[in-house]
Amino acid sequence: MVEYRDKIPAARGKVEYIYEEGRGISARISHPEPTFHALYQVALSIDGTRLLCTVPVGGLGQTVVAPHPSVPAFVQSDVQGMWGRNCPACEKYFRSEQIVGDTTCPYCSVVAPDLAFVSNDQKRYLTACYDAFANAHMKKQTTSVDIADITDEKSAWHYSEEKQQLVFKCQNTRCSCRTDVLGEYAFCPRCGRSNARERFFEAAQAELVRLEQIRKSVTDRHEREVVWEQMTTGAVSRLEALAKHLRKILVLFPMTANRRKQLQQLNFQKVIESNTLLQQWFDIGFFEWPGDDEAPKRQIATDDREFIRRMVQKRHILIHNGGIVDEEYLRLAGDTSVRLDERIRIKSNEAKRLLTLVSEMAINLLDNVERGFKSGEAKS
Ligand SMILES: [Zn+2]
Ligand SMILES: [Zn+2]
């Protein structure tokens with residue numbers, strides 16, 4: 001199995017520039033099955049200095065339409081059928097099947113034309129193609145670029161892609177693009193959809209299963225309470241991570257520099273406060289989804305919001321004050337069941353209720369950010 005940061009070799013393949021007297025130069029691709037995966041064509045300017053466009057692959061019997069004049073160069077996938085990409089905005093590296101058409105950066109969600117994402121290694125490889133073409137042209141003889149013959153990692157003729165941490169397949173059935181990224185949450189480079197919808201709820205579901213298992217299998221009360229505390233702190237951390245990921249979409253909206261700074265500094269651990277600001281700024285939040293054609297309106301009830309407020313404050317003193325009630329907790333949590341300096345306890349049904357509510361908040365925020373902003377008239 002290929003692990004994080006392993007080098008993934010490029011697929012074996014050969015690009016030949018065939019010189020024929022009187023007919024000029026044509027490109028031919030050959031590859032030994034089954035290691036070859038995929039390849040796409042890039043049209044280079046005739047002087048080799050610019051990438052003109054990605055040429056869509058023609059099927060059998062179809063003519064490939066490339067700009068004229070241009071030099072055909074090719075980028076082969078790695079053996080997993082993906083290509084390394086570098087975001088033109090945040091410069092971060094990822095691998096993906098997405099190569100033609102507008103591309104979304106999985107990390108910062110910036111959208112740019114496909115060629116803007118061509119990685120530096122691939123640029124060197126394209127240059128090698130151009131050199132082979134130029135040689136064929138000047139020497140009037142057939143030349144080739146054969147990756148299989150190249151073993152020197154430093155050579156411009158060789159390129160290999162670096163394995164990232166998470167390979168995900170977009171769950172949008174019209175897309176299904178595979179991408180490999182660092183971290184956990186990412187946007188699909190082809191359709192822009194976040195993978196958080198699946199990943200967040202998988203993790204949340206696993207926590208609920210674990211909760212029931214602990215209830216049954218752990219008899220020591222203290223031991224159980226430690227787990228309920230971990231679940232409380234963990235649930236809010238996961239919500240925070242999701243909100244930070246979705247914020248990447250929001251910060252790209254037109255807004256003043258000052259508002260953008262405030263948004264970037266927004267602390268999502270403070271669920272209630274950040275919800276208020278999101279509502280003021282964007283008319284969205286954790287507690288409500290106004291509904292659309294796909295999903296009807298949802299709302300988190302007032303008593304559940306109060307419960308969330310209390311649990312978030314409990315989490316705060318668990319992390320910052322060893323779980324001991326302080327003045328701030330008494331002021332903010334609205335909890336009349338405890339006294340100053342008392343050690344708080346979290347019950348299993350509280351942990352369970354919080355886990356369920358955090359999932360509801362997560363789906364509300366996801367829908368609000370991904371589907372809530374539409375151009376057009378407001379519905380009356
Ligand atoms: Zn980016
Ligand atoms: Zn997608």
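What is the order of the strands in the open sheet of four strands? The legends below start with that sheet and then move on to other parts of this predicted model. Local features need pLDDT of at least 70 and side-chain atom pairs count only at pLDDT 80 or more, while totals for chains, interfaces and linings use all residues. Residues are numbered from 1 along each chain as its sequence is written, and chains are lettered from A and ligands numbered from 1 in the order in which they are written.

**View 1. The open sheet of four strands has the order β7-β8-β14-β13, with antiparallel pairing.** Here strands (E, at least two residues) and helices (H or I, at least four residues) are DSSP runs, numbered from the N terminus, and two strands pair if DSSP finds at least two bridges between them. β7 and β13 (166-169) are the edge strands; each has a single partner strand, so one side of each has no neighbour in the sheet. On average, neighbouring strands are turned by 25 degrees against each other, direction ignored.

**View 2. A hairpin joins β7 and β8.** Strand β7 (residues 83-86) pairs with strand β8 (residues 93-96) in the antiparallel sense, over four bridges. Look for G84, which sits opposite R95 in β8. Six residues lie between the strands, and E91 takes a positive phi near 70 degrees in this hairpin.

**View 3. Strand β14 (residues 178-181) pairs with β8 in the antiparallel sense.** Two bridges hold this pairing, and S96 has T179 of β14 as its bridge partner. β14 also runs antiparallel to β13, joined to it by four bridges. In that pairing, K169 stands opposite R178 of β14.

**View 4. An open sheet of three strands has the order β5-β4-β6, with antiparallel pairing.** The edges belong to β5 (51-55) and β6 (71-76); each has a single partner strand, so one side of each is left without a neighbour in the sheet. From one strand to the next, the twist averages 30 degrees. Strand β4 (residues 39-44) pairs with β5 over four bridges, and V55 in β5 is the bridge partner of Q41. Helix α1 (residues 120-139) lies across β4 and β6 and runs at about 140 degrees to β6.

**View 5. Helix α3 (residues 221-250) packs against helix α6 (residues 302-320).** Their axes are 10 Å apart, at an angle of about 110 degrees; axes are lines fitted to C-alpha atoms, for helices over the stretch in contact, and angles run from 0 to 180 degrees between N-to-C directions. The two helices are therefore roughly perpendicular, a label for angles of 65 to 115 degrees, with under 35 roughly parallel, over 145 roughly antiparallel and the rest oblique. Among the residues making the contact are T232 and V236 of α3 and M311 and L318 of α6; residues are in contact if their C-beta atoms, placed from the backbone, lie within 7 Å.

**View 6. Helix α2 (residues 196-217) and helix α8 (residues 348-371) cross at roughly 170 degrees.** Their axes come within 11 Å, and the helices are therefore roughly antiparallel to each other. Residues that meet here include F200, F201 and L208 in α2 and L355, V358 and L366 in α8. The contact divides into eleven nonpolar, two polar and four charged residues. Ala, Val, Leu, Ile, Met, Phe, Trp, Tyr, Cys and Pro count as nonpolar, Asp, Glu, Lys and Arg as charged, and the others, Gly among them, as polar.

Technical notes
Two residues are in contact if their C-beta atoms, placed from the backbone, lie within 7 Å.
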